[in-house]
Amino acid sequence: MELKFGLISADSHVAFDRDAFISRMSRSKWGDMIPHVASQEQDGEIVDGWAVYGGPPEGQVCNCPAVMGDPFPHWPMRWEEVPPTAYDPQRRLKALDIDGVDAEVLFPNPPGALFYSYGDADFELDTVQAYNDALSDWARVSDRYLPLAAVPWLQPGSEIAREIERAVEAGHRGVNVMGKMPKGLPHLVDPFWDPIWAACEDLNVPVHFHGSAGLTAGTSIKFWDGYSERQAHSAMTSTSAVTPAQIVPQLIFSGVTERFPNLKFVFAEAGIGGLNYVIAACDHEWETRQLWSEGLATRPSETVRRQMFVNFWFESEGIKLRNDIGIDNLMWESDFPHVASYYPKSWEAVERVLDGVPADDRKKLLYENALRIYQVKAAAPAGVA
């Protein structure tokens, strides 16, 4: 990869072409159960959404307000309104150039990747493989795309590990997982999942928790029916700051990080600030409960700096605490093409947030850390800070 701008987004979202699953799954086997765009009437209007497993279309046809134009924000109601920039990897490259972004790590967009919710292991596996293959095609278009694989949770651990290996061989740079496992399956940190962590550690690809990661902290208070649509979105997404505080202690105190000391964990769209508290809290508990006597030999703050990474995009106050977390543990994100994105003026936000940050720190935050964590070889031309 050649760096033209000196900026990598560690959290962006890939949108799928309407035929992405239809073209990769057996119609004779799955028919209308294959994820596809379908129409229905809603409040007197015809709207499109993704229909999965024979159900009615649900949710947005594409979450891409950053490329929808004025008025901002609004979302497409029909597939024909979706700008190709959202789902066409060639067109997307032009958007990256406009925004001054060299590369982006690709998280899900509708229809998402939670195909385990239908309780059909065969369907989940075929759909996850189609999902991963679609993202592999993005990586083949350009090395500026760094896709993350979905995992088929309803398969045995060894089969999940094989799918991760297959996806990484096809260009994926990590995996995206949920903090809360599907109903009936073991807890996230149960040794049952060790084959997954072993595969990721062996392949040197990071494990990602995005946003709330499926956790329900604050559910009873954030979903109030008196909110407007914009207020509800703000009340929901702002609580993602507590995601690392819920997951980091589980990974450390269960012994996962001791068993897999080279495994990397990335917390995307959860900000920086929450990690400072959880570092202090875990160290306090480790010292007070003398947990080294139970096999947890490493001080939690050392574990975090060794294995855990968080993203930022607007937290200028959080950046002032960058050395408390570790300058090597932070990466910039754009969230493109979602509503939080500053596209096409990401650099204006970058300069505001990093005002006064020394050049060496800026390089780490904006691209060097991402290059290292995602094993990307890049040449920086003259002029890239």
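User: Is Asp335 buried or exposed?
Analyst: Asp335 is buried, with a relative accessible area of 2%. Keep in mind that this is a predicted model.

User: What counts as buried here?
Analyst: Buried means under 20% relative accessible area. Asp335 has 2%, so it falls in that class.

User: What about the phi of Asp335?
Analyst: The phi of Asp335 is positive, about 65°, and Asp335 is not a glycine.

User: Why point that out?
Analyst: Most residues other than glycine have a negative phi.

User: OK, next one. What is the phi of Gln375?
Analyst: Gln375 has a phi of about 55°. That is positive too, and Gln375 is not a glycine either.

User: And where is Gln375 found?
Analyst: Gln375 is in the segment after α16, which spans 359-373.

User: How accessible is Gln375?
Analyst: Gln375 is partly exposed, with a relative accessible area of 41%.

User: Switching to peptide bonds. Which residues does the cis bond with omega of about 10° join?
Analyst: That cis bond joins Pro110 and Pro111. Pro111 lies in the loop between β4 (103-107) and α4 (121-141).

User: Which residue is joined to Pro344 by a cis bond?
Analyst: Tyr343 is joined to Pro344 that way, with omega about 5°.

User: Where does Pro344 lie?
Analyst: Pro344 is in the loop between β10 (330-332) and α15 (346-353). Asp335 is in that loop as well.

Methods: Residues numbered from 1 in each chain as written. Predicted model: local features only at pLDDT ≥ 70, side-chain atom pairs only at ≥ 80, totals over all residues. Heavy atoms only, no water. Helix = DSSP H or I, 4+ residues; strand = E, 2+ residues; numbered from the N terminus. Buried < 20%, exposed > 50% of the residue type's maximum accessible area, 1.4 Å probe, protein only.
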